[in-house]
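Colleague: I am new to reading structures. Could we go through the words used for this one, and ask what stands behind each?

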Amino acid sequence: MATNKQSSTTSIIIQPSKGWKLIDFKELKEYRDLFYFLILRDIKVLYKQTVLGFIWAVIKPLFSMVVFSVIFGGLAKVPSDGIPYPVFSYSALVPWTYFSSALTGSTSSLIGRASIFTKVYFPRIIIPLTPVMAKLLDFGIALIICFGLMAYYGIVPTVNVVWIPLLICLMVLTSSGIGMWLSALALQYRDIKLGINFVSQLLMYAAPVVWPVSLIAEKFGDKAKLFYGFYPMAGVIEGFRSALLGHNPMPWSLIGMGSITSVLLFITGALYFQRKERIFADVF
Amino acid sequence: MMSNTVIKVENLSKRYRIGLKEKIHETFLGALISWVKSPIYNFRRLQKLSQFVEHENSDDIIWALRSISFEVKHGEVLGIIGRNGSGKSTLLKILSRITEPTEGRAQIIGRVGSLLEVGTGFHPELTGRENIYLNSAILGMKKAETDRKFDEIVDFAEVEKFIDTPVKRYSSGMYVRLAFAVAAYLEPEILLVDEVLAVGDVAFQKKCLGKISDVAKEGRTVLFVSHNMAVISNLCERCLLLDSGRIVIDGSVNASIECYISSIQTLNQFIPLHSRVDRQGNGRLRFTNFKISSPTRAITDTVVTGENVSLTIEYEADSEKLKNVSISIPFYNHLGQPIFMCWTRLVGQDFELVERRGRFIVEIPKLPLMPGKYSLNLYCEVNGVLADWIQEAVSITVLEGDFFGTGMTLPSVTGGVAIEHSWRYETSEAN
């Protein structure tokens, strides 16, 4: 809907909106308190009345690491670029767990909160973006554990850790973009919500979590590796590994390709979401 | 747009797609084929939920609002009434920007606060304190504002002791008080309220009403949707009556309410008593007919204030000689408020023994009802057990009359009833 802010009082025109529009950042700024409280709510509510509390944030990646180390590292002997398999997989699981939980959270964000947006107005774009931000806390905790694990194996992080914030931005951008797409789609077509869990599993195996990117270059050549870079999590995960473990140089080509995809996903996601936003209360 | 107008609605319309009856298959093969084709059918159906071909008028489309136009000035308290499905809530939703109009436009000047539901966004795991901040933010308050009003909100809700307990442990009364308290301190320039008073106990409802009327007195604009005619009548200066998405009346509160009530009652009143099926009770005795008469008219449904009226209720019983029959007739005014009741037990005149067929006659000397439309229920107990109960059994119209014998009639704005009374004067000079 078009809004018109005059000098002293707010004047709003409500009419059927046409066409496309991107995110109204001014409006988001007005509602930043709400955004903050919603993120806080997501974080607090998850672990309330649990004994372990935030420890749950690390159980998933840790256990996955143990299972992967036994199966892929131990039994199947998947190559790991010369690093001990547990660290190899855990350093990838940290960003991956963030990505998959942000994605699942974001996809079902609209469905879960129907009463909020059928009863009161605020920029709906906040809803899928909330889990994307809230899961960063879990990510932070898992990252700290990662440093602990690295210390155990005597691995020192390289100077490339300065690039980690960039990788985090990329992660957030990708999750937001896909989140905006899927949350809007899931509201109308519930299949998306049902499918996201197992699609997320597939995506994990498509990402270099349990196997190294070097495998692709070996089997399919360098050009294939470049195209693989379009999968944004490929660049992010290998980037994390390089920065933390230092076994390979930073995969800038992958990161570059991934950024293109991320930005595209974000922009198209925002456009699609804003266009569908007007019918949310009706379609629910 | 005139400087004083804060809401201007022009030709607002809203269209919805509803679910249609599912196709029923007669053969198993038909059902099987339909099941196989279902993904395609489902996809098209879901896709259609958000699409409309221009000027489509298929069966599964309804127009919740049709070309609504009106203006609201600053400080007005506007009531919006209408039957369920008339479009009232849709109108508020559009003005609250929750859903978009299909056609037309609305212009609003000033900050809008919407109370469409109490406790929007409350999370059961969070404490009262956390929920206050969250809910305020959802309703549009900044954190600093909430900080300022925090103590007042907690005070209004009377939950100081429990403010740091998760809301899921609150009683439903506390929950609803807290939710309303946050909304009450919103201080918007324009307040849109949708029947939030349907929840909560009597004390809470009184508090809500008090707060809303304070808001109105502070000169803020209020749009108030409700089914409670007494509240609308008290609070609002102007009223919109909606029916099937269109404005039927825009103006006098009394006219709107009367039109609304009569549109609801019309159906029932035309059905003769003996054919009414919306009755309760074991049926040992059934009301079959009702007549009202006065000295000036033999049989009528219109009487005059101050007349001696006589109500005759004919009945049929299922056996001879029923014992301990008690009959009561409550009278309700056009707002649905009870005015008084004629009851055999009140005057110690329960019928000890009645035959299978007959009639009960009530004499009311000097009918005290002020001019207006009234609705009567008919209620009967046999031996302490409910035998027959018809609500809105009869409707009567009372015209202006000379109750006091002085030729002076009460102005009808005072409402209620006329009461016999007399005056005298005493001097206070010492003797």
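This is a predicted model: local features need pLDDT of at least 70, side-chain atom pairs count only at pLDDT 80 or more; totals for chains, interfaces and linings use all residues.

Colleague: Let us begin with chain A. How many helices and strands does chain A have?

Modeller: Chain A has 14 helices and two strands. It has 284 residues, and 42% of them count as buried.

Colleague: What makes a residue "buried" or "exposed"?

Modeller: We count neighbours. A residue is buried if 20 or more other C-beta atoms lie within 10 Å of its own, and exposed if there are 12 or fewer. Take Leu346(B), in the loop between β15 and β16 of chain B.

Colleague: Why is Leu346(B) called exposed?

Modeller: Leu346(B) has 11 other C-beta atoms within 10 Å. The limit for exposed is 12 or fewer, so Leu346(B) is exposed. One more detail on its place: Leu346(B) and Ser328(B) are 18 residues apart in sequence and 9.2 Å apart in space, C-alpha to C-alpha.

Colleague: And what makes α2(B) "mostly covered"?

Modeller: Seven of the eight residues of α2(B) are buried. Among them are Leu91(B), Leu92(B), Ile94(B) and Leu95(B). Two lysines, Lys88(B) and Lys93(B), are buried as well. Just after α2(B), Arg97(B) takes a positive phi of about 65°.

Colleague: Now the two chains together. How do you know that chain A and chain B touch?

Modeller: Two residues are in contact if their C-beta atoms lie within 7 Å. By that test, 36 residues of chain B are in contact with 32 residues of chain A. On the chain B side, α2, β4 and α3 each give two or more residues. The largest share, six residues, comes from β4(B).

Colleague: What kinds of residue make up the side of chain B that touches chain A?

Modeller: That side divides into 16 nonpolar, ten polar and ten charged residues.

Colleague: What makes β2 of chain A and β4(B) a pair of strands?

Modeller: A pair needs at least two bridges. Strand β2 of chain A and β4(B) are joined by four, so they pair. They run antiparallel. Ser11(A) stands opposite Ile109(B), and Ile13(A) stands opposite Gln107(B).

Colleague: Which strand of chain B pairs with β4(B)?

Modeller: Strand β1 of chain B does, in the antiparallel sense, over five bridges. There, Arg105(B) is the bridge partner of Glu10(B).

Colleague: Next, the sheet β11-β13-β17 of chain B. Why are β11 and β17 called edge strands?

Modeller: The order of this open sheet is β11-β13-β17, with antiparallel pairing. β11 and β17 each pair on one side only, and that makes them the edge strands. Eight bridges join β13 to β17(B). At one place Thr312(B) stands opposite Ile361(B). Neighbouring strands of this sheet are turned by 20° against each other on average, direction ignored.

Colleague: Let us turn to helices. How are two packed helices described?

Modeller: By the angle between their axes and the distance between the axes. For α8(A) and α13(A), the angle is about 35° and the axes are 7 Å apart.

Colleague: What is the handedness of the crossing of α8(A) and α13(A)?

Modeller: The crossing is left-handed. That name means the near helix is turned anticlockwise from the far one by less than a right angle.

Colleague: Which residues make this contact?

Modeller: From α8(A), they include Leu170(A), Gly177(A) and Trp181(A). From α13(A), they include Ser262(A), Phe266(A) and Phe273(A). The residues of this contact divide into twelve nonpolar, seven polar and one charged.

Colleague: Last topic, the cores. What makes a set of residues a nonpolar core?

Modeller: Its members are buried residues of nonpolar kinds, joined through C-beta atoms within 7 Å. The largest such core here has 145 residues. α8(A) gives the most to this core, with twelve residues.

Colleague: Which residues have the most contacts inside the largest core?

Modeller: Phe224(B) and Ile232(B) do. Leaving out residues up to four places away in sequence, Phe224(B) touches Ile232(B) itself, and also Val77(B), Leu78(B) and Leu235(B), among others.

Colleague: How many residues are in the second core?

Modeller: The second, separate core has 31 residues. Val304(B), Leu311(B), Leu322(B) and Tyr379(B) are among them.

Technical notes
Residues are numbered from 1 along each chain as its sequence is written. Chains are lettered from A and ligands numbered from 1 in the order in which they are written. Ala, Val, Leu, Ile, Met, Phe, Trp, Tyr, Cys and Pro count as nonpolar, Asp, Glu, Lys and Arg as charged, and the others, Gly among them, as polar. Axes are lines fitted to C-alpha atoms, for helices over the stretch in contact, and angles run from 0 to 180 degrees between N-to-C directions.
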